[in-house]
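Here is a short briefing on nonpolar cores and a pocket. Look over the sequence and the model first.

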Amino acid sequence: MEGETVIAGVDTHKDVHVLCLLDGLGRKIWSGSFGADPEGYDRLAEAIGDPGSCMVVGVEGTASYGAGLTRRLVELGYNVVEVLRPKRDKARPGEGKSDPLDAERAARKAASGRGCSVPKSQDGWVEAVRQLYVARRLAVATSTSCVACAKSMLTTAPSALRERFRGRERPKDLMPLLARGRKAGDALEESVLASLRSVAAVWKEARSQVESLDERIRALLEANAPALLGIEGCGTTTAAALVVAAGDNPGRLKGEAAFSMLCGASPIPASSGKTERHRLNRGGNRQANWALYEIAIKRMAYDERTKRYVAKRTSEGKSRRC
């Protein structure tokens, strides 16, 4: 659309991206579909036209299906913003749902600036941490599932087996013992022991992966954000969660208040009439919110300055949660 001032919106999917163009007055002028591959990215950019005549490009899913397209458009010089996908239960009644309509909504949201943010660049060391952190979470979930499975199997196991492992509640005590379980008893007991050994082997491998991934994540953090690891109560996993939330281009956040909102740690006004109050923020990045919570809990237990602050606030009638 050469020569015209345009506003673009893109609805992203695994195989196809749908583009909608609006003119400077917000009127729809064109829409079309492009492949979700490098060639499709360039063809989509050609359809938008000169970056200088494009006010903004609103892209849905910049951290998922739209990641590749976002990187390419930024490289070409377009002003790209992330547009949140509308929730299914929040869709506007009477408007319907289709890919072209979603692309048009993305363009209109980008033009208004409401519900938009600068996308993460996903091209540096933080992206490397994110990939490792995702794998670590899967490994932790696998090890946790293995422990739950083993305990469930022991609950219904023959009495002799239950007594054999009674008192071994902690995973680091129980699982290695299960891995060394010797054959004994009848066919049922041998089958249960074989199953438990298999589950314990998976647990052992998952824990090994967690330790290996922790080492890789910590090495990246020590090389790029040593000050973060130096904060009292901030360990490898909590630091990783915070840097992943901030992204490779933390300059997109305007300040501490913006980061607090991103982490779901900022109070939300909930006043009405003569009542003035705030409520907890249930939104934001919940992994980053968890990280801040973990840091606070550790500091309340070990950091003297935090202990003094908690004592002061509780003496004023506040609860420890406040």
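A pocket here is an open set of grid points with protein on both sides within 12 Å along at least five of seven lines, and its lining residues have an atom within 4 Å of a point. The model is predicted.

**Second largest pocket**
- The space in the second largest pocket comes to about 1000 Å³.
- Its lining counts 32 residues.
- Nearest the pocket centre lie Ser117, Ala245, Arg252, Leu253 and Leu262.
- Two or more lining residues come from each of β6 (116-117), α4, α9, α10 (256-262) and α11.
- α4 supplies the largest share of the lining, with four residues.
- Sorted by class, the lining holds 14 nonpolar, nine polar and nine charged residues.

**Largest nonpolar core**
- The largest nonpolar core has 21 residues.
- Val129, Ile217, Leu221, Leu228, Ala239, Leu242 and Val243 touch the most other members.
- At least two core residues come from each of α4 (125-155), α7 (187-224), α8 (226-229), α9 (236-246) and α11 (286-302).
- α9 contributes the most to this core: seven residues.

**Contacts of Ala239**
- Which residues does Ala239 contact, leaving aside neighbours within four places in sequence?
- They are Leu221, Leu228, Leu229 and Cys234.

**Second core**
- A separate core of 18 residues is also present.
- Among its members are Val6, Phe34, Ile48 and Leu69.

Terms used
Residues numbered from 1 in each chain as written. Predicted model: local features only at pLDDT ≥ 70, side-chain atom pairs only at ≥ 80, totals over all residues. Heavy atoms only, no water. Core = buried A, V, L, I, M, F, W, Y, C linked by side-chain atoms within 4.5 Å. Buried < 20%, exposed > 50% of the residue type's maximum accessible area, 1.4 Å probe, protein only. Contact = heavy atoms within 4.5 Å. 1 Å grid on protein atoms, 1.4 Å probe; cavity = no way out; pocket = protein on both sides within 12 Å on 5 of 7 lines; lining within 4 Å. Points joined across faces, edges and corners; volume = space filled by probe spheres on them. Nonpolar A, V, L, I, M, F, W, Y, C, P; charged D, E, K, R; others polar.
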